[in-house]
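Please look over the sequence and the structure shown below before reading on. The paragraphs that follow lead through them step by step.

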Amino acid sequence: MNSFRARLDQLNAKARGRRWIYVPYDQLSDGIGPLAREQPGDAGIVLIESSWKGERRPYHKQKLGLILANQRHFALEQAKRGVAVRYQTTDRPYPEALERVAGELGSLRMMEPAERELRVDLQRLVDDGVLEQLDHEGWLTTTEQFEASQKSGPPWRMDAFYRHLRRETGILMEDGKPVGGKYSFDAENRERWDGDPPAPEAPTFPVDEIKEEVADLIRSRFDHHPGTLELDSLPATAKDAEQLWEWAKQHCLASFGPYEDAMSVRSSGLFHTRVSALLNLHRLLPARIVDEVLALDIPLPSKEGFVRQVLGWREFVRHVHRATDGFRQLPDGEMPVGETPGDGGYERWSGERWPASEQVDHLDGGAEPSALESRQPLPAAFWGETSGLRCLDHVVADVWASGYGHHITRLMVLSNIATLIDTSPRELTDWFWAAYADAYDWVVEPNVLGMGSFALGELMTTKPYVSGAAYINRMSDYCAGCEFDPKTDCPITNLYWAFLARHKKQLDDNPRLRLPLANLSRRDKKRRRHDAEVFRWVRDTLNDAETLSPADAPSEPD
Ligand SMILES: Cc1cc2nc3c(=O)[nH]c(=O)nc-3n(C[C@H](O)[C@H](O)[C@H](O)COP(=O)(O)OP(=O)(O)OC[C@H]3O[C@@H](n4cnc5c(N)ncnc54)[C@H](O)[C@@H]3O)c2cc1C
Ligand code: SF4
């Protein structure tokens, strides 16, 4: 903290006569909101660094590093522009620190927080007039646009939302028709990656004394948190954010579309842009990203595919989260809510109670929907114990090394396997929230509860995203080094059939599952019994934190 404080004191302008704004940790931009409109010499910003927040979950060290280093650099960048900066550290919740600061500086303006949990924390101050809440200007779409796109209300569908936006904004439209003749090129974007074109190396960023101090803080204060802190892969300054985005434009976006669903041990991101963590902190602004991609000279399937992610999926999930109050209020009624914040299985794996549990006794554990009534604990393999399933072990190791993984690894490896063994969707969500550097409630809850685990049924997706080994083998090179063979004895295929059999009643009406369920009914009885045995073997072995090996598998039917 010493260098940071010294530099801030040196740069900081006089606080008197400023109009003050509270900038939450994920609104680090002077391109939106009141800070964009004030002259630097008239504005003051309050930033709060709360170790209480950091302790709330077993967050990956890289995520803590990312948020703290970005917030500190943002403070310095703003002070350099002439904005007065009040940088407050605390080990208490935000409202306590903000109330004290407001007592001194007067009421503060703030854009509405993106995170539900921060909105809830600060509601009292908004009600008391300590905080004047303004619209969040980082979003690309409005509630009205979301509602207008979903004519018949829930279930909500992303493709209807996206088509509505394209028509309304004219993005990628020509004479009222989608450019290229269709709204989505997803069907063409499903190529396996065999090394050509070469995947870009993930970018690295300079390590400076601010980052070093954040690393010291993490070592001294948050050392019990999981994951590895890698300073040189951590973008922290406005310049780093520019560098990341230039890298994405130059090296990723042209090939983004075709390899969007591919996975490889040789590259954790392939042609994915790695911008989510900075988009979610507003170090990169979504509007700018979309505009610049539209202006790029790249193949249409890549351009459309990327725009759909940011304009479509990213906005859609936050609307659904908002419309359901974080899935507490569903069209069918209220969802049960956990009594205490979950730790994603940390305690079961580490044998130690998550320390924050004592500090957060007034907080709840989030909505607990489970359309498939899945209640199994999340296996310790997700915390780094070897499962023997190479795809899972590889993706988990990558996540704990970097706090990052691309969409298909999250969906078709992690969520797929967890769902196939009936893992509690809430526990899986809490794990994702802790493990990924880009996770916040508005984005992680819909993605895991809605897409990854089918906990919300057909509320926002049309079917559960589950598959056997054939899909993983087709889209990745994971299977080559695995003890199991995707074509003969991989247990994921048995898990898939056993899943369909166990949940047949719940899935029977789903038109998109008609074919797999018809195939299931044609599956030989002995095979189905074997599938169920393999399911029990995998579930119990992973629950005991042991390793699966072909030698221990239930024997195949004759
Ligand atoms: C189970 C599961 C959990 C996820 N958890 C998160 C999360 O905690 N935080 C998060 O930002 N994304 C999450 N996603 C969405 C997506 O996987 C990540 O945004 C993406 O992998 C980030 O990597 P990237 O920046 O290289 O993405 P790219 O593939 O380069 O995509 C570009 C951008 O599109 C946006 N985007 C794409 N898909 C989604 C989506 N489904 N929801 C929201 N934004 C999307 C992201 O901002 C991303 O940066 C999750 C997806 C799944 C299936
Ligand atoms: S063989 Fe099965 S467990 Fe092994 S990597 Fe392939 S899909 Fe995963």
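A residue is called buried when its relative accessible area is under 20%. The model discussed here is a predicted one. By that cut-off, both Trp383 and Trp400 are buried.

The structure holds 22 aromatic pairs. In one of them, the ring centres of Trp313 and Phe316 are 5.8 Å apart and the ring planes stand at 80 degrees, so this pair is edge-to-face; planes over 60 degrees apart count as such. Where do Trp313 and Phe316 lie? Both belong to helix α13, which covers residues 300–323, and they are three residues apart, about one turn of the helix. An α-helix has 3.6 residues a turn, so residues three or four places apart point the same way. Phe316 is buried, and its relative accessible area is 0%.

The pair of Trp383 and Trp400 has another geometry: the ring centres are 5.1 Å apart and the planes are at 20 degrees, so the pair is stacked. Trp383 lies in the loop between α14 (346–350) and α15 (390–402), whereas Trp400 lies in helix α15, so the pair ties together parts that are 17 residues apart in sequence. Trp383 and Trp400 also belong to one aromatic cluster, together with Tyr346, Trp349, Trp354, Phe382, Trp431, Phe432 and Tyr436.

Charged side chains meet aromatic rings as well. Lys63 lies over the face of Tyr440, at 4.9 Å from the ring centre. Arg221 lies over the face of Phe222, at 5.4 Å from the ring centre.

Helix α15 leads on to a ligand. Which residues surround ligand 2? Among them are Leu389, Arg390, Cys391, Ala469, Ile472, Tyr478 and Cys479. Helices α15 and α19 (469–475) each supply at least two residues of this shell.

Finally, consider helix α6, residues 116–127. The expected span of a helix is 1.5 Å times one less than its number of residues. For the twelve residues of α6 this gives 16 Å, and the end C-alpha atoms are 16 Å apart, so the expectation and the model agree. The buried residues of α6 are Arg116, Glu117, Leu118, Arg119, Asp121, Leu122, Leu125 and Val126. Just after α6, Gly129 takes a positive phi of about 80 degrees.

Note on methods. Residues are numbered from 1 along each chain as its sequence is written. Chains are lettered from A and ligands numbered from 1 in the order in which they are written. This is a predicted model: local features need pLDDT of at least 70, side-chain atom pairs count only at pLDDT 80 or more; totals for chains, interfaces and linings use all residues. Side-chain values use heavy atoms; hydrogens and water are left out. Rings of Phe, Tyr and Trp (its six-membered ring) pair if their centres lie within 6.5 Å; planes under 30 degrees apart count as stacked, over 60 as edge-to-face and the rest as tilted. Helices (H or I, at least four residues) and strands (E, at least two) are DSSP runs, numbered from the N terminus. Buried means under 20% relative accessible area, exposed over 50%, partly exposed in between (1.4 Å probe, protein chains only). A charge sits over a ring if NZ of Lys or CZ of Arg is within 6 Å of the ring centre and within 35 degrees of the ring normal. A residue is near a molecule or strand if one of its heavy atoms lies within 4 Å of it.
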